[in-house]
Amino acid sequence: MNSLNRIVIFGATSSIAEHTARQLVQRGASVYCIGRNADKLATIIADLKVRAGAEQIIDGISADLTDSAQHPALIAQATTALNGLDGVLIAHGSLPDQKACEADTNLTLQEMQTNALSVINLLSLLANQFEAQGKGVIAVISSVAGDRGRQSNYVYGAAKGMVTLFMQGLRNRLTPAGVDVVTIKPGFVDTPMTAGLDKSGPLWAKPEQIAKGIINAMAKGKNEVYLPGFWRLIMSIIRHIPEFIFKRMSL
Amino acid sequence: MRAPRPLLAYGNGRSYGDVCLNDQGTLLQTRQLDRFISFDPRSGLLRCESGVTLSEILQLIVPQGWFLPSTPGTRYVTLGGALANDIHGKNHHAAGCFGHHVTAFELIRSTGEKLLCKPDLNSKMFKATVGGLGLTGLISWVEIQLLPVQNPWMWVESQRFSNLEQFWLLNKEAERNWPYTVAWIDCLASGDSRGRGILFAGKHAANQTQLPAYQEGSRKVPFDPPLSLINGLSLRSFNALYYRQPVKPQGSLCHYEPYFYPLDKIQHWNRIYGHKGFYQYQCVLPPAVAQDATAELLDAIAKSGQGSFLAVLKTFGERASIGMLSFARPGATLALDFPNRGAQTLHLFNQLDAIVSAAGGALYPAKDARMPASLFQSGYPDWERFAGFIDPEFSSHFWQRVTK
């Protein structure tokens, strides 16, 4: 079991991340939160402070994570504030408007920067730090959308797919060093990010459920985790449809 | 895109009727406003966003030696809902309503204006919003003063009484000595044993070294049975058995969860009523006529053969409620659940309404789905003055129904 006493969260204002932070604090962890929206971040840090005991450290800073130049300083600040890191959760991202991306290549590249490249930059820096300390857990929220490209959201899917593949390589590299690399693939989650979608139906999960699964996966050092678990079966079927059929499907 | 008007906040949906519904308009779901803002464990002052549930608050505060100053029979209501319905608990005679313990809240009006309300700041809007059924705007956060406790346990005494007359005597005595009192009534008993039941008196347990272990359990009703499980036969047997339960006049320790929230242990308990559901009928009767009117109500119910296995009788204290539309007021309050048997049930309610109305009483909006406008208006004489404080873009199904 990995110790989860000192955790830094990138993208801490996302709903899944916020619930994960709450549950970590409930377990006695110290948490450092990094998020873009300063007001929202301050509200979340205040909430976590109320939930935390006197000996737990709750702190954070607002930053735009698409600016990779800031990453080294942010990691250093988090490490100092928490007196070292047991784990990291990278949760920032956006849900691109696929149609808008098709009409605007700049938007497509910007979404790639937000959902893939900024994550890979953080991962590269964190990998070296964790490899050197010889323990810890690095978790990233990827997506089931990264398992196969579909016409309805392949910009988002390609970005998440890149992250998933990068994580596979990182896992292969860091396992001998004793560092766990955990890829989280949530399905449909009822959060503000999915506010515009119809959320009826049995596939939708609550962020607190996903948060519980994330903490469990981080503690146990799992590899690739679908949340809720039934998505593993759904995605297995989707991945196994032959391409000559898949390309004609409306997905 | 502009959301259809009117607007209305919707918390955790635990009101029994339509105070939290808004047919043609838009519901503002507040459950995502679930953050704590500040908590001072020395003074017991807690501020949180309005969608936080009482359950989430208890999880935080009880281990630190604090308790809710007033709580209803379920902990799955939001803080905003508790304020908007100015809820009361078994300690009303000693501690008043929820609103008495609210030190501040923020109200967002549809103009975007944010009003900080305290008992002495924007005090008219404070009085309109406490018990204001969510109609004055969106309550964004609430600050309350908590009650200090030594541990999560209650010291509870139960005593059987064989009729209504005995209840009044026993209850008067219990109110003097206990912060929490409530009685269960067998509403099917008639004649000499009309109003027989059990009085439960409680207080927060004193500091002690030996406390029992408490295992939180939860069961659920997995599906709607095709017919209500609550019928004449099951009710009569339940009530007869419940009345004969061993009482503990010498007292015993009880964890706060089963004491305050017995039904919270059974998820989806409402399903036992089948898909037609149930109505709750909760009234308050002024002190001068409370005894006679309660007896009349019980007679009417016993005669109808419809009844409730959760019939609860309590007296409110003298402390005047803050809200213009607050339900709690001096007198006795009787609360009953009835399986929905359509016209038959509504007919009984009309009879009960006549008794409540003649007594000068009122029904509880938070639990109502059918009271006639006339009964609302006679029970809440301030309703027209209150209407002046309603946000012009807010309304509810309930409000439209009772102000027709």
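This is a predicted model: local features need pLDDT of at least 70, side-chain atom pairs count only at pLDDT 80 or more; totals for chains, interfaces and linings use all residues.
Author: Two strands pair if DSSP finds at least two bridges between them.

Reader: What makes strand β5 and strand β6 of chain A a pair?

Author: Strand β5 (residues 136–141) and strand β6 (residues 179–186) of chain A are joined over six bridges, in the parallel sense. The rule asks for at least two bridges, so the two strands count as paired. Within this pair, V140(A) stands opposite T183(A) in β6(A).

Reader: In what order do the strands of the open sheet in chain A lie?

Author: The order is β3-β2-β1-β4-β5-β6-β7, seven strands with parallel pairing.

Reader: Why do β3 and β7 of chain A stand at the edges?

Author: Each of β3 (58–62) and β7 (224–227) in chain A has a single partner strand, so one side of each is left without a neighbour in the sheet. From one strand to the next, the twist averages 15°.

Reader: What makes helix α2 of chain A a helix that packs on the sheet?

Author: Helix α2 (residues 38–51) of chain A touches β2 (30–35) and β3 of chain A. Touching here requires C-beta atoms within 7 Å. The direction of α2 makes about 175° with that of β3(A). Helix α3 (residues 71–82) of chain A lies across β1 (6–10), β2 and β3 of chain A, at about 155° to β2(A).

Reader: Why is chain A called as compact as a globular protein of that length?

Author: Chain A has nine helices and seven strands. Its radius of gyration is 18 Å, and the globule rule gives 18 Å for 251 residues, so chain A is as compact as a globular protein of that length. Of those 251 residues, 43% count as buried, a label that needs 20 or more other C-beta atoms within 10 Å.

Reader: What share of the contacts in chain A joins residues 24 or more positions apart?

Author: Among contacts with a separation of 6 or more, such residues account for 71%.

Reader: Which residues touch the most other members of the largest nonpolar core?

Author: That core has 108 residues, and those touching the most other members are C48(B), L83(B), F105(B), I139(B), V142(B), C283(B) and L285(B). At least three residues come from each of domain 1 (7–149 + 381–398) and domain 2 (153–208 + 220–377) of chain B. Leaving aside residues up to four places away in sequence, L285(B) touches several residues, including A290(B), A293(B), V356(B) and A359(B). Another core, of 68 residues, lies apart from the largest one; among its residues are L24(A), A159(A), V163(A) and I184(A).

How values were computed
Residues are numbered from 1 along each chain as its sequence is written. Chains are lettered from A and ligands numbered from 1 in the order in which they are written. Helices (H or I, at least four residues) and strands (E, at least two) are DSSP runs, numbered from the N terminus. The radius of gyration is taken over C-alpha atoms; the globule rule is 2.2 Å times the number of residues to the power 0.38. A residue is buried if 20 or more other C-beta atoms lie within 10 Å of its own, exposed if 12 or fewer, and partly exposed in between; C-beta atoms are placed from the backbone. Two residues are in contact if their C-beta atoms, placed from the backbone, lie within 7 Å. A nonpolar core is a set of buried Ala, Val, Leu, Ile, Met, Phe, Trp, Tyr and Cys residues joined through C-beta atoms within 7 Å. Domain bounds come from an automatic or database domain assignment. Axes are lines fitted to C-alpha atoms, for helices over the stretch in contact, and angles run from 0 to 180 degrees between N-to-C directions.
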